[in-house]
Amino acid sequence: MSDLEKYKLKYAFAEDYGTSYYKFGPVGETPDIIENRGIILDKISIVSKIMGIEKNIIVGPEVATYIGHREAIGRHLVYPMRDGLVEKENERSWRVIYEITKYGLNKHRPIASDFKGFYVAAALSAIAPEYMYRRIFEIHQKIDEETGLVKAVTIIPQPLAVAIAEKSITCIVVESGHGNTQITPISRYPIREAILSLNRGGAEADAITAEILKDCGYGDLAREEKLIRCIKESIGLIPTDLQTSIEKAKKDPERFRAVFHIPNTTITIDLEENSWMRFLIGEIVFDPENEIFESFYRKGMPRPRDTMVGDTRIPGTIDMARAIIMSAERTSFEVQMYLYRKIILSGGNFSWKVPRGLEDAATDAATKIMSMLKKYNIEARVELTKDPMYSVWKGALVYAIAVPDEYEWNWESMEGWYKWR
Amino acid sequence: MSGIGKVWKVGISGGSVLEMNSIEDFKEVIIEHFRRRGCTRPQVDISEDVIKQVDLVLQDANNLLAFRIFRGIVYSAAEFRVMIDEEILRATKLTEVFDKVYIVIPDTYTDMARSVISGRILDEVGIGIIAVDEHGNVEELLVPRPTKLTRRELGKGIEEIVGDLRRRIDEIELLYNSLKTEFGVLSEKITKIERTLSMLREEVDVLKGKLSTLPTRHEIIEEIGEKTLAPVEELPSFAKNNPWLEILRKRERE
């Protein structure tokens with residue numbers, strides 16, 4: 001191993017810019033994690049000045065202490081990423097990204113005489129546009145000029161990072177977050193022409209949860225986003241087969257009864273005879289085209305927007321199996337069968353529990369997709385990433401360790417190290 | 001500049017008037033003076049261009065002596081300074097050819113010479129000054145220091161350089177001939193390689209065609225990749241035995 005490789009192994013650093021969380025850290029087993037958000041104080045209050053606070057952007061764990069009433073949150077709290085993307089002209093968001101990145105690197109500044117800066121691999125959404133790449137490079141360069149903390153930086157698409165963390169060379173990575181689902185076939189490289197992005201994710205499950213709450217008489221609670229998410233995670237189920245599961249639930253409402261008690265309150269939500277509806281929460285993630293959802297769309301629940309891939313319009317409500325097949329079919333015929341041998345599901349939108357006693361009607365995300373693909377005569381091996389929270393970060397770190405120093409950034413292959421010194 | 005008082009010979013008479021009739025008289029006086037010291041007419045050929053620049057040439061053993069007679073008529077030290085400076089410049093050029101160069105002045109200018117000429121500079125460049133009075137008496141006011149490279153030594157040096165250059169040219173010719181031979185051999189080899197390459201290309205095309213009909217074996221490669229990787233102690237657990245390490249390390253070369 002050359003001295004340069006040893007150095008890179010010692011000072012590799014990975015960053016995962018997720019919509020909700022920013023995961024970061026040098027070589028190790030797990031990363032640090034903070035929420036991907038910041039508070040921008042347009043005017044520093046007198047109290048803050050007295051407390052010795054000079055900065056006007058707050059990121060990291062400190063943010064929680066600044067959050068006061070709701071109005072203030074709306075005005076000052078910035079979540080820079082929406083579905084993994086930052087708007088080009090949204091300078092407030094880019095300021096938060098800069099502060100978060102600097103916070104992460106500074107936190108791990110080594111005290112060593114041989115330290116000349118980190119080799120940073122930053123993971124971004126597979127559909128991140130070129131301007132995001134450029135801004136991320138600029139941010140790291142600026143931080144380096146101020147602190148000397150970055151020797152070189154590279155950017156890795158998140159699905160590729162997942163494949164690397166899973167040690168899988170030929171596979172399809174399906175990453176589903178809050179508002180977006182990306183299907184990325186990989187065979188040594190991400191097959192960019194075959195990447196398919198759907199405008200849906202956990203948000204659709206949140207929306208139908210809110211509708212169900214309204215239908216069941218809890219309309220007043222259906223406005224609190226965080227509460228809706230908690231309820232969704234607690235009562236939502238993926239049906240093995242929607243029709244059969246609903247029938248079972250209707251026949252035996254007590255066994256499937258969905259009850260949720262909001263911690264530290266006197267409020268309890270009980271769906272009673274409507275508990276079969278909990279299967280709708282899971283189903284919409286995988287098949288929002290099912291006719292059962294039509295009544296909800298008519299009532300005003302937003303229908304997932306269509307996506308354009310080249311000249312082809314992909315319906316926003318396309319079922320997950322069909323979307324995976326469409327993506328796979330954009331790759332060469334030969335590689336398709338190997339892609340189906342490993343489909344990796346990653347992201348919070350695939351984390352569904354199967355409560356004890358309901359195994360006959362509820363299932364997990366991997367089994368659901370496998371059975372959906374079977375309907376299209378596709379035999380596939382589907383699995384959830386072993387470490388849904390950190391797999392992108394882990395893959396990015398392996399990428400930083402392995403990509404050779406002399407491989408300089410190439411805008412065509414979108415690989416290599418971006419350097420300025 | 002303080003003048004040449006320190007090296008100026010003493011005992012010359014001041015206020016003498018030039019009564020010599022012509023340049024030829026001057027030459028006669030100088031020849032007679034230096035003959036008594038053993039100097040002769042030059043025994044070597046001197047080019048006409050050089051002869052034109054001097055009034056007289058004599059030979060003292062191995063040394064060639066050149067004489068330029070100062071022809072200027074001046075009435076003040078300022079005028080003398082201008083003219084003698086020009087004379088010294090011309091004489092300086094002659095030191096490249098002659099071992100000693102003299103400027104001959106009438107002794108009436110001796111005092112002016114004392115005040116305006118820098119003896120140190122003339123000593124450096126190897127120029128001497130001779131004063132001649134109306135009676136034909138010759139006085140060497142400043143004895144020139146012979147230049148270090150004599151004419152004959154210089155010629156000898158040139159011969160050596162020419163000899164060396166000839167040797168080098170011979171060596172270069174030898175090298176050129178051997179390179180010419182090697183170039184021929186190499187060009188033959190390149191032609192052979194090109195022929196082999198085009199044959200290989202054809203074979204690769206055939207193999208490509210055959211391969212496209214066979215199923216790819218990604219999984220087998222993957223398994224081999226994992227097994228052949230040497231474990232690296234410092235790596236985190238998820239990076240150990242990770243087939244991507246090798247794939248990514250080869251990225252640029254691919």
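Let's start with strand E10 of chain A, residues 181-187, which is mostly covered: seven of its seven residues are buried. Keep in mind that this is a predicted model.

Side chains in a regular strand alternate between the two faces of the sheet. In E10(A), one set pointing the same way is A:Thr181, A:Ile183, A:Pro185 and A:Ser187, while A:Gln182, A:Thr184 and A:Ile186 point the other way. Both sets are buried.

| Partner strand | Sense | Bridges | A residue pair |
|---|---|---|---|
| E9(A), residues 170-176 | antiparallel | seven | A:Glu175 with A:Gln182 |
| E12(A), residues 196-198 | antiparallel | three | A:Ile183 with A:Leu196 |
| E11(A), residues 189-190 | antiparallel | two | A:Ile186 with A:Pro190 |

Moving on to the helices of chain A, take H8 (residues 202-215) and H11 (residues 278-286). Their axes come within 8 Å and cross at roughly 150°. Since an angle over 145 counts as roughly antiparallel, H8(A) and H11(A) are therefore roughly antiparallel to each other. The crossing is right-handed.

Which residues make the contact? From H8(A) they are A:Glu204, A:Ala205, A:Ile208, A:Thr209 and A:Ile212. H11(A) brings A:Leu280, A:Ile281, A:Ile284 and A:Val285. Sorted by class, this contact has seven nonpolar residues, one polar and one charged.

**Where the chains meet**

Finally, there's the contact between the two chains. Chain A puts in 24 residues and chain B puts in 19. On the chain B side, the elements giving two or more residues are helix H7 (218-228) and helix H8 (243-249) of chain B. Which of them gives the most to that side? It's H8(B), with six residues.

As for the make-up of the chain B side that touches chain A, its residues split into nine nonpolar, four polar and six charged.

Key
Residues numbered from 1 in each chain as written. Chains lettered and ligands numbered in written order. Predicted model: local features only at pLDDT ≥ 70, side-chain atom pairs only at ≥ 80, totals over all residues. Axes fitted to C-alpha atoms, helices over the stretch in contact; angles between N-to-C directions. Helix = DSSP H or I, 4+ residues; strand = E, 2+ residues; numbered from the N terminus. Parallel < 35°, antiparallel > 145°, perpendicular 65-115°, else oblique. Left-handed = near helix turned anticlockwise from the far one by under 90°. Contact = placed C-beta atoms within 7 Å. Nonpolar A, V, L, I, M, F, W, Y, C, P; charged D, E, K, R; others polar. Buried ≥ 20, exposed ≤ 12 C-beta atoms within 10 Å, placed from the backbone. Pairing = 2+ DSSP bridges.
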